[in-house]
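Subject: Structure handover

Hello,

Please find the structure below, followed by notes on what was found in it.

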Protein chains: 2
Amino acid sequence: MEAITIKDIAKALNLSTSTVSRALRGSYEINNETKKLVLEYAEKMNYHPNPIALSLKENRSKAIGVIVPEIANNFFSQAINGIEAVAYDRGYHVVIFQSHESYERERSNIQHLVGRKVDGVLISLSGQTTTVEHLQEIQKRGVPLVVFDRISNDIISNKVIADNFQGAYEATEHLILSGRKRIAHITSPSLLYTTNERLEGYKAALAKYNIPFDENLVRYCGFEPEDAKQVIFEVLETQKPDAIFTASDRLALDSFAAVKAKGIQIPEQVAFIGFTNLGVAHLLDPPLSTIVQPAFAIGKTAAEMLLDTIENKQSNAAVKTIKIPTEVNLRTSSE
Amino acid sequence: MEAITIKDIAKALNLSTSTVSRALRGSYEINNETKKLVLEYAEKMNYHPNPIALSLKENRSKAIGVIVPEIANNFFSQAINGIEAVAYDRGYHVVIFQSHESYERERSNIQHLVGRKVDGVLISLSGQTTTVEHLQEIQKRGVPLVVFDRISNDIISNKVIADNFQGAYEATEHLILSGRKRIAHITSPSLLYTTNERLEGYKAALAKYNIPFDENLVRYCGFEPEDAKQVIFEVLETQKPDAIFTASDRLALDSFAAVKAKGIQIPEQVAFIGFTNLGVAHLLDPPLSTIVQPAFAIGKTAAEMLLDTIENKQSNAAVKTIKIPTEVNLRTSSE
DNA sequence: ATCGTTATCGGGAACGTTACCAAAAAGGCA
DNA sequence: TGCCTTTTTGGTAACGTTCCCGATAACGAT
């Protein structure tokens with residue numbers, strides 16, 4: 001069964017396509033009787049305008065694209081839910097892509113999205129993304145862009161992030177106040193923006209309490225499943241830390257598992273706090289202290305910014321970076 | 001900066017659009033010199049064919065649509081990864097949508113996908129989906145369809161599921177063999193296909209060991225965050241079970257949390273086993289026994305079936321349902 | 001009666017691409 | 001030389017929709 005088109009309606013009712021088109025969109029210059037005729041027939045035949053034809057003509061699609069490294073990550077899936085909540089309300093569809101931490105995939109996704117004429121793009125950069133030319137490219141093409149969480153200083157656009165500095169500062173401070181001095185920081189590759197902000201927060205807290213910064217306690221960890229385990233084993237062996245502060249969802253889990261696998265008591269031997277949105281933190285053994293990013297709010301805010309620029313097309317409105325506070329949840333793992 | 005089109009190339013090189021088009025696709029009937037000329041110019045100008053125009057013309061898009069209830073669910077995000085792995089290899093893009101357990105959203109997503117001329121659809125039904133007319137509709141339109149996990153008997157199509165019966169049977173049997181007799185089964189709304197299969201597995205195991213089935217021990221649980229908690233509290237109070245077997249990712253966590261909140265010892269007072277793909281099961285307190293669905297394999301298999309039917313267009317090939325075995329992971333929670 | 005308005009509709013082009021049908025030039029063969 | 005192939009290219013319609021420009025008729029005003 002083929003979909004019915006405006007032409008079919010025109011033929012059936014002995015009208016021109018222009019008339020049908022105008023009747024369907026309720027134009028004032030169409031006789032009420034004809035209008036009713038057309039609308040009823042369209043309804044009866046279950047007519048739906050062909051969005052592809054629309055996109056070709058209008059160069060837009062009433063859809064926005066989202067690119068995240070991995071949806072199997074609480075932070076990102078919650079952020080997407082925030083995005084969808086806003087987009088749905090405002091009549092936009094959300095097209096979700098994963099970069100799988102690959103720069104090539106990210107490029108390919110971007111290509112696909114602009115090719116499909118999305119009205120705007122929300123992106124959180126992959127762990128391998130070192131250049132932002134592909135983003136500048138779509139900006140040159142006039143596609144509105146908002147970068148969130150994994151941002152970059154090289155791209156000039158609206159951005160939304162959590163207050164990573166503050167979150168890391170509070171996590172570190174808490175560990176210090178509970179008596180720890182050798183606090184290991186397990187974090188993502190150093191080229192991620194969030195990595196540096198969190199590292200700065202960590203350093204600032206150490207400085208505040210006159211604990212010298214020891215770079216041997218900081219470990220950058222790749223995205224392979226076994227990476228965290230090896231890093232943790234190594235840092236435990238060689239540095240004998242009395243606390244661990246991890247910088248991401250993924251690292252929190254993998255590190256936590258590694259520490260336990262090593263038979264080390266949390267928090268007696270090593271206190272543990274994670275920068276993570278894991279919903280199960282309170283059910284772990286021991287319950288895990290966390291710095292939680294407001295993922296839903298970040299997604300919501302980013303989507304709102306994007307849709308505002310799409311709809312207002314205020315091309316030269318000053319770009320801004322919105323920073324949203326994190327939450328601290330202290331549990332047994334860091335007592 | 002506007003995207004360059006075939007027309008621009010034609011004008012620049014003083015050729016017709018047909019010639020350019022054929023040169024770009026390497027047609028044999030174009031002079032090699034012209035071909036080279038066109039290809040080089042296209043390369044230089046960074047030409048990319050407009051996929052929207054292509055879709056309008058060809059009625060296809062080299063993209064498949066995926067609809068799942070919720071991506072913030074390990075099972076579904078892993079399944080999506082399986083789907084993407086296959087699709088990417090075979091040159092298809094994957095467009096991900098969430099129904100958020102809403103029938104209306106599911107319909108809307110389907111509409112959008114067929115409107116955008118995806119070449120096929122993979123779907124796992126929402127918790128509110130009681131009719132499958134929207135699926136039959138797209139089948140009438142000739143869009144290939146594969147249903148996975150949350151399937152329905154009302155729709156005739158290729159399907160991929162885990163062996164829910166077997167998984168539930170093994171979970172229940174294990175609880176029985178470890179000495180439990182009053183085994184509560186916390187499950188999803190009864191209209192889900194998986195719910196019934198798992199329930200049957202549960203019943204079969206009881207029957208095998210001559211334990212009478214008591215429907216008071218079976219509880220159907222909605223999708224609201226507080227639902228599981230109340231159900232668990234109630235069943236603990238009134239039925240005094242000595243074991244709990246939960247039927248989904250979400251229920252495992254919520255129920256586990258509720259039991260612990262009630263101060264009940266696992267597994268001493270109540271043994272616990274979940275039908276879940278939680279990656280953190282082994283880190284919980286106590287480590288959680290699970291029946292794991294082969295999510296990645298399910299996604300992979302479903303995508304392969306879909307792409308095969310898309311590409312072969314063997315319209316009247318017999319539909320089949322592929323069933324993939326589950327895995328049992330026994331841990332402390334059910335000892 | 002003529003003219004300008006208004007209400008209502010149709011025709012065609014355009015968005016970017018491909019496919020079909022020609023057409024022109026060049027070459028081969030009797 | 002005349003005709004038939006082959007090679008290479010151009011023109012145009014079509015996909016579904018909207019928009020611009022006209023066209024027609026009715027109607028009141030002059």
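How many residues of chain A are in contact with chain B, and how many of chain B with chain A? In this predicted model, 36 residues of chain A are in contact with 35 residues of chain B. On the chain A side, α4 (51–58), α5 (74–89), β2 (93–98), α6 (103–115) and α11 (249–261) each supply at least two residues. The most come from α5(A), which gives six. By class, the chain A side that touches chain B has 17 nonpolar, 12 polar and seven charged residues.

DNA strand C is surrounded by 25 residues, and the closest are Ser18(A), Thr19(A), Asn31(A), Ile6(B) and Asn50(B). Two or more residues of this surface come from each of α2 (17–24) and α4 of chain A, and from each of α1 (6–13), α2 (17–24) and α4 (51–58) of chain B. The surface near DNA strand C divides into nine nonpolar, 11 polar and five charged residues.

Chain B also has an open sheet of six strands with mixed pairing, in the order β7-β6-β8-β9-β10-β12. β7 (218–220) and β12 (327–329) of chain B are at the edges with a single partner strand each, so one side of each has no neighbour in the sheet. Within the sheet, β9 (271–275) and β10 (289–292) of chain B run parallel and are joined by three bridges. Ile273(B) is opposite Ser289(B) in β10(B).

Two helices of chain B are worth noting here. Helix α10 (227–239) of chain B packs on the sheet and touches β6 (183–187) and β7 of chain B. Helix α11 (249–261) of chain B packs on the sheet as well, touching β6, β8 (243–246) and β9 of chain B.

Regards

How values were computed
Residues are numbered from 1 along each chain as its sequence is written. Chains are lettered from A and ligands numbered from 1 in the order in which they are written. This is a predicted model: local features need pLDDT of at least 70, side-chain atom pairs count only at pLDDT 80 or more; totals for chains, interfaces and linings use all residues. Two residues are in contact if their C-beta atoms, placed from the backbone, lie within 7 Å. Helices (H or I, at least four residues) and strands (E, at least two) are DSSP runs, numbered from the N terminus. Ala, Val, Leu, Ile, Met, Phe, Trp, Tyr, Cys and Pro count as nonpolar, Asp, Glu, Lys and Arg as charged, and the others, Gly among them, as polar. A residue is near a molecule or strand if its C-beta atom, placed from the backbone, lies within 6 Å of it. Two strands pair if DSSP finds at least two bridges between them. Axes are lines fitted to C-alpha atoms, for helices over the stretch in contact, and angles run from 0 to 180 degrees between N-to-C directions.
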